[in-house]
Amino acid sequence: MSNSLNRRNWIKSSALMAGGVAFLTGTMNKLAAMPVIRKMRAGNTMLAEEAAIMQAPAGLKARLMANENPFGPSAAAKKAIIDSLDTGYQYTFASMFTMRGKIATYEGVKGTNILMSSGSSPLLQAAAMYYSKGGKSIITADPSYDDLPTQAEHFDGKWVKVPLTADYKLDLDAIEAKVDGNTGLVYICNPNNPTATIVDTEKLKGFCERVSKKTVVLVDEAYIDYLPDPKASSMMDCIKAGHNVIIARTFSKLYGFAGLRFGYMVGQPDTLKALGAYTPAWACLSSTALAAAIASYRETDYLADALKKTNASKEFLYETLKKENYTYIPSSANFVMFQLKMDAKKFSEEMNKRGVALRDWKLNGQDWCRISIGRMDEMEAFAAAFKEIS
């Protein structure tokens, strides 16, 4: 088959055209969804983080509000970006095949099991649109990362929230009990955001195997690289076994790509084909982001070093909180939740005045702070400001 035909098929399958959902479905209902996309950015975690960034003072000492990796991207990724500029006029088809092949080889899946995009956000949006059709419900923990379910609500989906356990973990039994004939999707964020807690791997695998027989299970593994053994903790084996499970991954965390944007989904080929009609997918990917992703994927030494620095900063934060007699939730990610002794918004405002940006939170009706892990100098800036108002 010619390259032109390959390209044409790729474009067709990825629904590149503006308003592609409308044309692919051939219904006016999807045309009506276009203004909804513009108004749906309200009230979710991502928008709150955007607001926190925009409200940060000019003399910011510590950027601790968006769960970014301040040590990335790696030197190899930066060099790859520079080297890729000369061929930036070319389409990225070859790079996409290369990157997809790298992921498939490492994970032990096929290329047809992978759908890539600019971060996981466009893919989560596609899932929100597709699985909420007809007023279907999206079941999540509460609180959890809410980008997908809040978007689903704007497409007439129903959001079913299930409280966390007493130790702030996902209550898998309670979530499973909520699954019914109207469930379009079960969304599991593990490690969870904002609590940074994880659930037992074997219990989660059993959950995925059982529940995926009734509905789709989407496991968001955005923070899995912060675990001691990410591969062993992943639900990838569920996909290899043919279960109706989707895994979402992003380079925005340990890889340091929050601004570069690269992410992907792994799932059954038919599932990804259906979701592909609801997102531009590969068309969102730049040659620079792909070059950086190819260069840094599974870059063991860099990832280990970034994780070591993150954990050192986290331990410093734990000690700071203990000295001030504050309690916190032990974290399995690059952020920590701790309970406040004053109004959360007032706390974040006072810290902001001192050049420290973080996230205030309400959890079980109480005031909490979610603080991202930064460089050691940022954690020291937090400690100095915290002691003034704690």
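**Notebook: strands, a crossover and one buried alanine**

I looked up Asp 360 and found that its bridge partner in β12 is Cys 369. I then noted that helix α16 (residues 344–353) packs on the sheet and touches β9, β11 and β12, where contact means heavy atoms within 4.5 Å. The direction of α16 makes about 170° with that of β11; axes are lines fitted to C-alpha atoms, for helices over the stretch in contact, and angles run from 0 to 180 degrees between N-to-C directions.

I recorded the basis of the entries. This is a predicted model, in which local features need pLDDT of at least 70, side-chain atom pairs count only at pLDDT 80 or more, and totals for chains, interfaces and linings use all residues. Residues are numbered from 1 along each chain as its sequence is written, and side-chain values use heavy atoms, with hydrogens and water left out.

I checked the confidence, given as pLDDT (the predictor's confidence in each residue, from 0 to 100). The protein averages 89, and 85% of the residues score at least 70. Over residues 1–42 pLDDT stays under 50, and the model has 52 contacts beyond four places in sequence for them.

I listed 17 helices and twelve strands in the protein; helices (H or I, at least four residues) and strands (E, at least two) are DSSP runs, numbered from the N terminus.

β11 and strand β12 (residues 366–372) pair in the antiparallel sense over five bridges; two strands pair if DSSP finds at least two bridges between them. The open sheet of three strands has the order β9-β12-β11, with antiparallel pairing. β9 (335–339) and β11 (359–363) stand at the edges with a single partner strand each, so one side of each is left without a neighbour in the sheet.

I next examined β3 (residues 137–142) and β4 (residues 158–163), which pair in the parallel sense over six bridges. The chain crosses from β3 through helix α8 (residues 147–154) to β4 in a right-handed β-α-β crossover: with the strands pointing away from the viewer, the path from the first strand over the helix to the second runs clockwise.

Last, I looked up Ala 127, which is in helix α7 (residues 121–131). Ala 127 is buried, with a relative accessible area of 0%; buried means under 20% relative accessible area, exposed over 50%, partly exposed in between (1.4 Å probe, protein chains only). Not counting residues up to four places away in sequence, Ala 127 touches Ser 132, Leu 148, Leu 218, Met 265 and Leu 275.
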